[in-house]
Amino acid sequence: MRPIGVIHSPFTDTNQMPIQSSTSEAIGQVEVYPEFDDGLQDIDEFSHLHLLYVFHCSSGYVLHVKPFLDDHPRGVFATRHPCRPNPIGLSVVRLIERNGNVLEVEGVDMLDGTPLLDIKPYVPDFDIRLDVRTGWYAKRSIK
Ligand SMILES: C[S@@+](CC[C@H](N)C(=O)[O-])C[C@H]1O[C@@H](n2cnc3c(N)ncnc32)[C@H](O)[C@@H]1O
């Protein structure tokens, strides 16, 4: 795998930054490298996008981790923590506009300079499940 672009965000360190895109109003720019920008055709007909990217500033991984919103260690795959064996992040952002190979988006929760792996359209029919259980998150100690 190789990056197809880079995400520009207002956040240069992990202090005081959003922990999820759903709670972020921050604006960022998703720059797609020119060799891939033909793949952006039709993207501006979608209001929301999934971004897949590398947590490039996380070092190493742990199999048990205290999630940002809980006091108890949980299996890393039951969390969205950045320290994972394959440090891949996933965020849903709102597409504001496309300017050539740059997408202006709202809801960034990643650091400036984050390498972009992929973009997919957010489609409620594919992506929403209504009958769900949310494990420790439903009982979390930090609201
Ligand atoms: C809890 S993760 C959630 C990210 C994504 N929405 C997900 O679910 O995969 C968000 C946190 O990861 C950290 N982070 C964001 N971008 C990062 C990067 N490029 N390298 C390392 N850590 C990063 C920051 O502490 C940020 O608050």
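This is a predicted model: local features need pLDDT of at least 70, side-chain atom pairs count only at pLDDT 80 or more; totals for chains, interfaces and linings use all residues.
Figure 1. Residues are numbered from 1 along each chain as its sequence is written, and side-chain values use heavy atoms, leaving out hydrogens and water. S6 and S7 pair in the antiparallel sense, with 5 bridges. Two strands pair if DSSP finds at least two bridges between them. Strands (E, at least two residues) and helices (H or I, at least four) are DSSP runs, numbered from the N terminus. The hairpin of S6 and S7 has 2 residues between the strands. Gly100 in this hairpin has a positive phi near 65 degrees.

**Figure 2. Side chains alternate along strand S7, residues 102-106.** Which residues of S7 point to the buried face? They are Leu103 and Val105. Buried means under 20% relative accessible area, exposed means over 50%, and partly exposed lies in between (1.4 Å probe, protein chains only). In a regular strand the side chains alternate between the two faces of the sheet. S7 also pairs with S2: 5 bridges join these antiparallel strands. Here Gln29 stands opposite Glu104.

**Figure 3. Six strands close into a barrel.** The order is S1-S2-S7-S6-S3-S8, with antiparallel pairing. On average, neighbouring strands of this sheet are turned by 45 degrees against each other, direction ignored. Axes are lines fitted to C-alpha atoms, for helices over the stretch in contact; angles between N-to-C directions run from 0 to 180 degrees. Strand S1 (residues 5-8) runs antiparallel to strand S8 (residues 114-121), and 3 bridges join them. Ile7 faces Thr114 of S8 across this pairing.

**Figure 4. His50 sits in strand S3, residues 48-54.** Is His50 buried or exposed? His50 is buried, because its relative accessible area is 14%. The His50 side chain makes a polar contact of 3.0 Å with the side chain of Asp127. A polar contact is a pair of N or O atoms within 3.5 Å; within protein, one must be able to donate a hydrogen and the other to accept it, and residues adjacent in sequence count only if both atoms are side-chain atoms. Beyond its neighbours within four places in sequence, His50 is in contact (heavy atoms within 4.5 Å) with residues including Leu90, Val92, Ile119 and Tyr122.

**Figure 5. The largest pocket has a volume of about 1500 Å³.** Of its 49 lining residues, Ile19, Gln20, Arg80, Leu90 and Asp109 are the closest to the centre. S3, strand S6 (88-99) and helix H2 (135-138) each give two or more residues to the lining. S6 gives the most, with 7 residues. On a 1 Å grid over the protein atoms alone, a pocket is an open set of points where a 1.4 Å probe fits, with protein on both sides within 12 Å along at least five of seven lines; lining residues have an atom within 4 Å of a point. Grid points are joined across faces, edges and corners, and the volume is the space filled by probe spheres set on them.

**Figure 6. Gln16 and Asp42 have positive phi values.** Most residues other than glycine have a negative phi. Phi is near 60 degrees for Gln16, which lies in the loop between S1 and strand S2 (27-32). Gln16 counts as exposed, at 78% relative accessibility. Phi is near 80 degrees for Asp42, in the loop between S2 and S3. Asp42 counts as partly exposed, at 41%.
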